[in-house]
Amino acid sequence: MARDDVLRNSRVGQSQPPSDDEQRSSSKGDDETTKRYDWGQMIVKMFESSLTTFASLAVLGYYKYIVLQKIENAFKPGDPVLELAAVGKQVPNPAIDEEESAPHWVLRKEQKLIDSIINGSIQGRYHLLIGEKGTGKSSMLIDAMHKVGGEGVSMFEAHADLEIFRIRLGKALDFEYMEDYIGSLFSIRGPRDTTALLDIERAFNKLEKVALRRRKKVHRPLVLIINCTHLLRDDEDGQDLLELIQQRAEQWAASNLVTVVLNSDDYWVYERMKQYATRMEVIPVLDLPKAEALLALKKYRSRSFNEEPSSEILEQVYDRVGGRLTFLNRVAQSPDMLSTCENICLTEKTWFLNKCWILGSEMDDDVMDEQKFSSAAMVLAKALVERQKGMDTPYDPEKGHILPQIPLHEARQIMTRADFIKSYDHINVFTIDSKAMVRADSVPMQNAFREICGEEGFSEHLDATLERISAIESLGRTRELVAKDLVGEGKYDISVRDGKGSRRVQVKRSSS
């Protein structure tokens, strides 16, 4: 019995709840364990965040170093952009024999100046090449790049769209605008979300850093060539971009960091930049004189067909197409040179007629704006033809063609419009040189002016078109008043007062 009581008492003791002291001791132990766990977890998270931040900063620093290194490599010899341009422009390749590597164009007098700019001999300036399409501006630049092997030179084509301009500039400088930034893996946002103009400014900042580093090693500036600058639109965005480029060019020219070379076919680029230019040098590139043109044509023909044409044929070709290199090259590569000359002249004439032909007295009023543009061009073409007739020597036996030209302000006065001339320059009908002189875009175009203005009835057709335009404009300025409900001898009295005094008009009912 005693043993059963002891076992019963032990079971009863086990079923009793713990005391208050035991509960407080257990609760305190749990809190200490939880705090130790929280502190440990916090330390681990802080370490992870610190490691991520450090890795991100290291990656960003390494990326910035790589960006500068890539831009510096873009100016080293063997630039693929130069190789691509050399294939397109047929620049001689030193890997082939000397006969095949001889340049296929004549050496222009501007070539030495271009060579001095590209190899860094001329510093402290930035340059604008201006001239008609096909005069050999790009060919001279690429030839100069070839002579230095592309070392320290980068070239790209401009575009009207700022985004495309941004991409082409980045390709020329091997700059990705943070689009290849690996920091995005660490959830760090790169500075790409911006406009194309700000991206171009960022690329110029990187280029400036590379130029500063390079100047310590090589004591000559980098050269950045922007080809076809005339393709930029003459609007707010295009003007902002051109202003940005000019500001950088002025700054870099003053510090001998980068020499900027702009190549343009249109006058408006020069007119826009002249306003703020202090270190800009303008290099006009015109058609070849007669002697150089005949020599170039002879070399072209010899290279293409291995034959030497007679001087009489060469004279006839020059008389028809002048000294434009692109025309001479096309003629020299044709089996029948004179026939090709005729096709070139016909093409230029057709282009002018398609863009600027007038419709006469029967034209509809819906084409008023287009006919104002066309009639102004015809008036200016007629003025150039008349001026050529009044010249003493329109053709010099030694110099060749002397195209008639009119000062820009006088041309605007002849057309009675000041805004059309830039559009004519852009579509290669007329051209404006760096001295603000207006003339036909080429010898074939001047020949087309002369043929069109010499056609029978052209002057009457032009006068009829101008009269029709004046009549439509007069109708647009005329207002018709209709008086109704005049009973019996009723009438209206209308008083008109102006600066010359008052006038009184009476409107009466018709007797019929």
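This is a predicted model: local features need pLDDT of at least 70, side-chain atom pairs count only at pLDDT 80 or more; totals for chains, interfaces and linings use all residues.
**Entry 1: the parallel sheet**

I began with the strand order. Five strands make an open sheet, and I read them off as S2-S3-S4-S1-S5. The pairing is parallel. Next I asked which strands sit at the edges. They are S2, residues 153-157, and S5, residues 280-285. Each of these pairs on one side only.

S1 (126-131) and S4 (258-264) run parallel and are joined by 4 bridges. Leu-128 is opposite Leu-262 of S4.

**Entry 2: helices on that sheet**

I checked what packs on this sheet. Helix H8, residues 196-215, touches S3 and S4. The direction of H8 makes about 150° with that of S3. Helix H7, residues 162-173, lies across S2 and S3, the latter spanning 222-227. H7 runs at about 155° to S2.

**Entry 3: positive phi**

Most residues other than glycine have a negative phi. Asp-174 has phi near 55°, and its place is the loop between H7 and H8. Asn-306 also has phi near 55°. I found Asn-306 in the loop between H11 (290-305) and H12 (311-321).

Are these residues buried or exposed? Asp-174 is partly exposed, at 31% relative accessible area. Asn-306 is exposed, at 69%.

One more note concerns H11. I found Arg-301 over the face of Phe-305, at 4.2 Å from the ring centre.

**Entry 4: helix H14**

I tested the length of H14, residues 337-356. With 20 residues at 1.5 Å a residue, H14 should span 28 Å. The end C-alpha atoms are 29 Å apart, so the span agrees.

Which residues of H14 are buried? I listed Met-337, Thr-340, Cys-341, Ile-344, Cys-345, Glu-348, Lys-349, Phe-352 and Cys-356.

**Entry 5: the antiparallel sheet**

I moved to the other sheet. It is open, has 3 strands in the order S8-S10-S9, and pairs antiparallel. S8 (405-407) and S9 (430-432) are at the edges with a single partner strand each, so one side of each has no neighbour in the sheet. Neighbouring strands are turned by 30° on average, direction ignored.

S9 and S10 (437-440) run antiparallel and share 3 bridges. Thr-431 has Arg-439 of S10 as its bridge partner. I also noted helix H16, residues 408-415, which lies across S8, S9 and S10. H16 runs at about 90° to S8.

**Entry 6: aromatic rings**

How many aromatic pairs does the whole structure hold? My search gave 10. I opened one of them, Phe-430 with Phe-449. The centres are 5.1 Å apart and the planes make 35°, a tilted pair. Phe-430 is in S9 and Phe-449 in H18, so the pair ties together parts 19 residues apart in sequence. Both residues are buried.

Last, I traced the cluster around this pair. Ring pairs link Phe-352, Phe-373, Phe-420, Tyr-424, Phe-430 and Phe-449. Phe-352 is one of the buried residues of H14.

Terms used:
Residues are numbered from 1 along each chain as its sequence is written. Side-chain values use heavy atoms; hydrogens and water are left out. Two strands pair if DSSP finds at least two bridges between them. Helices (H or I, at least four residues) and strands (E, at least two) are DSSP runs, numbered from the N terminus. Contact means heavy atoms within 4.5 Å. Axes are lines fitted to C-alpha atoms, for helices over the stretch in contact, and angles run from 0 to 180 degrees between N-to-C directions. Buried means under 20% relative accessible area, exposed over 50%, partly exposed in between (1.4 Å probe, protein chains only). The expected span of a helix is 1.5 Å times one less than its number of residues. Rings of Phe, Tyr and Trp (its six-membered ring) pair if their centres lie within 6.5 Å; planes under 30 degrees apart count as stacked, over 60 as edge-to-face and the rest as tilted. A charge sits over a ring if NZ of Lys or CZ of Arg is within 6 Å of the ring centre and within 35 degrees of the ring normal.
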